[in-house]
Amino acid sequence: MPAKINGFNDSNNRISTQELLQQIYAALEQGETEFEVLSSGHHDIGGPLWTGDGTPLKFSVKNPGQRVVSFGLEGTKIVVNGPAPADAGWLNAGAELVIKGDSGDTTAHCAASGKIYVAGRVGTRSGSLMKHDPAFPSPELWVLKNTGSFSFEFMGGGTAIICGIDCDGYDSVLGDRSCMGMVGGTIYVRGPVKNLPDEVWQLNLNEEDIAFLSTGLPLFLEKIDRARHLDSLTDFSQWKKITAKTYEERRKWHSMRPTMREFRLNKWVPDNGIFGDLIADDYDSIAGLVATGDNRLKIPHWQNKAFCAPCEYACPSSIPTQDRINLLRQGKFKEAIELVLKYSPFPGSVCGEVCPNPCMDACTRQFIDLPVSMPQLGKLSLDAESPTPKAESGKRVAVIGGGPGGMSAAWHLRLAGHAATIFEADKEVGGKLRQVIPTDRLPAEALGSEIERVKKLGVDIRTNTPVDKQLFAEIQQQFDAIIIASGAHTPVVIPFPGHERLVKGLDFLKDVNNGANPTVGERVVVIGAGNAGMDVCLGAYAMGAKQVTAIDIQRPAAFKKEIDHFEKLGGKIEWPVFTEKISAEGLHTKDGRLIEADTIIIAVGERPDLGYVPREWLDERGMADVDACGQIKNAPGVFAIGDTLQQGLLTHAIGHGREAAEYIDSYLAGEELVAKVKPPVISQGCLTKELFRPNNRSRFTLVDPTKETNRCLSCGTCRDCSMCLEACPEGAIRREDKEDGSFEYISDDRFCIGCGICAGMCPCGIWGMEQVV
């Protein structure tokens with residue numbers, strides 16, 4: 001008894017195709033080889049299926065969906081009791097399919113083996129792309145009646161038999177435009193045929209053809225239960241054979257074809273018809289297979305510096321390290337170490353010591369071995385000479401605050417030729433660089449050297465000068481522009497019960513760095529595990545603490561190297577920890593624990609004190625309210641930077657300072673201010689990283705930072721390697737020197753074929769391919 005496969009559930013609702021096929025697979029696993037399938041449009045019944053021991057599979061199917069016997073394999077036999085929809089026998093690979101009714105469009109489409117018998121008609125494009133692999137039996141398609149149009153398109157092999165029963169009065173039993181592109185195979189057809197292409201022959205049968213039909217027709221008619229037609233079908237005078245012309249025969253025919261121009265002018269649909277040309281054509285110019293000039297599909301463009309290198313894009317100060325390394329590569333050491341001073345006055349102390357170096361996190365070289373070492377490159381510029389300022393402009397700019405942002409702004413203002421005056425409340429400039437960062441992280445000599453370089457440039461520095469409302473009003477009258485860079489020096493204190501016992505982290509760090517040696521107990525708890533919190537933890541150990549624990553309500557925000565340093569000293573970090581209250585015993589958590597502590601320091605951030613400016617200049621958070629150019633919205637000529645806008649890294653403040661100086665330079669020149677936008681970062685897919693040999697990560701040690709020229713990819717900036725020029729197969733690329741000392745690579749449209757080898761070879765991603773539309 002065959003296995004019963006039902007396309008309906010117990011509620012008589014149709015199940016999904018997947019559920020029906022799962023029933024078949026389960027029955028196969030149980031050893032069933034005969035199946036009776038009641039379907040309701042379920043597709044893909046019958047293939048590809050097989051048994052482990054090669055036992056044939058037999059199916060009887062009612063109401064199948066599309067693609068019955070799709071990918072059917074040898075040993076599978078399926079009888080469809082009635083008609084079948086589209087794609088029956090699609091990609092058949094050896095199965096036998098009997099359809100006792102009509103079959104839909106694309107029957108036997110792409111069939112490669114097996115036999116398909118149809119007791120009625122087949123639809124459009126049936127038999128298209130049939131093919132024959134000589135290693136397997138040839139596919140066969142037997143049709144009792146006729147086919148739809150476009151049948152046997154691009155047929156490459158196999159045999160089709162179209163019997164033409166019940167086709168009286170038909171113009172063509174093969175429909176319209178049959179056999180287009182046919183290059184192989186044989187079609188036996190009984191009945192009228194029209195509109196065959198010139199690529200095929202229509203021939204009379206020979207003895208071998210008659211023998212084939214004489215053997216095959218009785219079997220076909222028996223399988224579809226139509227034996228009564230045998231006598232009429234064996235009158236072979238009514239049959240013809242269609243075969244494809246050979247390659248040589250086609251060449252002879254092609255030589256007699258009109259030229260494309262003749263065809264378009266004499267045969268093509270007029271331009272005013274719905275099938276006419278969309279654009280005007282002179283029919284004279286013909287694009288060759290390998291095109292140049294305007295006929296190329298893609299055009300290369302040398303896009304030097306059109307995109308940011310990942311390091312430059314990630315750097316808040318926008319330092320173009322790729323330019324610095326290119327100068328080193330050219331042997332221009334002095335220019336290289338001085339270049340960074342056009343972006344930051346603190347390359348040694350910030351880039352080289354305390355910056356978390358987001359540029360390294362973005363560096364493309366990390367995907368090859370290790371990122372380019374930015375700190376060592378920064379330290380090269382520690383003693384670099386200052387660039388020469390522009391001529392004096394006669395304009396005066398006040399900078400409120402001598403921290404890294406304020407000093408950066410004053411530095412760049414002086415380079416632009418403006419007089420810059422810093423008003424600093426502390427006894428010395430440097431801000432948090434000098435006040436709070438431990439000297440084991442930032443050597444005092446390095447910071448002092450770079451501060452001295454700023455002073456020598458001619459910046460007027462007024463220390464011990466806190467700015468209040470009265471002084472600020474005077475500054476407004478005396479200066480042409482103002483930069484508010486007073487930072488954030490008011491520690492945030494959360495009002496837990498007992499918060500008066502807390503030590504403020506910023507005040508603690510200032511005391512440490514000023515040599516006040518603040519007293520701490522043996523057990524210290526620090527609330528906050530960001531970078532500032534880690535500095536407090538290190539300061540606590542320096543002041544004699546024996547055990548320091550940092551807590552936070554979230555994953556610690558400190559950079560990994562800061563956390564690693566702290567943990568090496570024996571420190572512990574706990575999170576998430578929520579504080580309930582502070583007592584003499586220590587810190588009580590909301591889950592009932594007591595973390596014993598002699599000293600508890602809070603370091604969860606600071607806020608700016610901007611009480612010296614009008615309240616309407618501030619937003620609802622008490623921060624400076626600025627436009628896209630950093631200018632106070634209600635005060636032309638007054639700009640704000642750094643932590644007065646939002647808290648960030650030291651290098652954010654330095655970058656803000658340079659941008660503010662550039663905006664003020666435009667403001668003082670009477671120009672309209674336009675917000676600066678970085679170019680987009682170059683895509684990693686544009687860079688040919690395979691051209692660079694990786695170092696062994698575990699053994700790599702940087703001895704000389706100038707040797708990083710061998711590792712930097714120079715992303716987005718041409719390194720003048722000439723690989724594109726050498727690799728171009730057409731010799732279409734040339735290098736040209738310019739009067740200003742720069743250079744350019746140019747692709748000559750007369751010779752370039754748009755192959756894209758230049759783009760594929762460029763290690764820096766400079767060449768871009770424009771798609772012609």
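Strand β19 (residues 523-527) runs parallel to β20, and five bridges hold the pairing. Within it, Val 525 faces Thr 549 of β20 across the strands. To get from β19 to β20 the chain passes through helix α17 (residues 531-542), in a right-handed β-α-β crossover. Please keep in mind that this is a predicted model.

Strand β20 covers residues 547-551, and four of its five residues are buried. This strand also pairs with β21 (residues 572-574), again in parallel, through three bridges. Thr 549 turns up here too, with Lys 572 as its bridge partner in β21. A right-handed β-α-β unit is made by β20, helix α18 (residues 560-568) and β21.

Fifteen may be a handy number to remember here: the structure holds 15 aromatic pairs. One of them joins Phe 472 and Tyr 612, with 5.6 Å between the centres and 55 degrees between the planes, a tilted arrangement. Phe 472 belongs to helix α15 (residues 469-478), while Tyr 612 sits in the loop between β26 (606-607) and β27 (638-640), so their pairing ties together parts that are 140 residues apart in sequence. With a relative accessibility of 1%, Phe 472 counts as buried; Tyr 612, at 9%, counts as buried as well.

Since Tyr 541 lies in helix α17 and Phe 566 in helix α18, the contact ties together parts that are 25 residues apart in sequence. Are these two residues, Tyr 541 and Phe 566, buried or exposed? Both are buried.

## The eleven-stranded sheet

Elsewhere in the chain, eleven strands build an open sheet with mixed pairing, ordered β1-β2-β3-β4-β5-β6-β7-β8-β9-β11-β10. Its edges are β1 (3-6) and β10 (200-203); each has a single partner strand, so one side of each is left without a neighbour in the sheet. From one strand to the next, the twist averages 15 degrees.

## Strand β7 and its surroundings

What covers the picture for β7 is burial on both faces: Glu 140 and Trp 142 on one side, Leu 141 and Val 143 on the other, are all buried. Its pairing with β6 is parallel and uses four bridges, with Lys 115 standing opposite Glu 140. Four bridges also link β7 to β8, in the parallel sense; here Trp 142 has Ile 161 as its bridge partner.

Trp 142 also takes part in a cluster of ring pairs with Tyr 117, Tyr 188, Phe 212 and Phe 220.

## Charges over rings

Two lysines deserve a look in your viewer. Lys 245 lies over the face of Trp 201, 4.4 Å from the ring centre. The charged end of Lys 678 sits over the ring of Tyr 313, at 5.6 Å from its centre.

Terms used
Residues are numbered from 1 along each chain as its sequence is written. This is a predicted model: local features need pLDDT of at least 70, side-chain atom pairs count only at pLDDT 80 or more; totals for chains, interfaces and linings use all residues. Side-chain values use heavy atoms; hydrogens and water are left out. Two strands pair if DSSP finds at least two bridges between them. Helices (H or I, at least four residues) and strands (E, at least two) are DSSP runs, numbered from the N terminus. Axes are lines fitted to C-alpha atoms, for helices over the stretch in contact, and angles run from 0 to 180 degrees between N-to-C directions. Buried means under 20% relative accessible area, exposed over 50%, partly exposed in between (1.4 Å probe, protein chains only). A crossover is right-handed if, with the strands pointing away from the viewer, the path from the first strand over the helix to the second runs clockwise. Rings of Phe, Tyr and Trp (its six-membered ring) pair if their centres lie within 6.5 Å; planes under 30 degrees apart count as stacked, over 60 as edge-to-face and the rest as tilted. A charge sits over a ring if NZ of Lys or CZ of Arg is within 6 Å of the ring centre and within 35 degrees of the ring normal.
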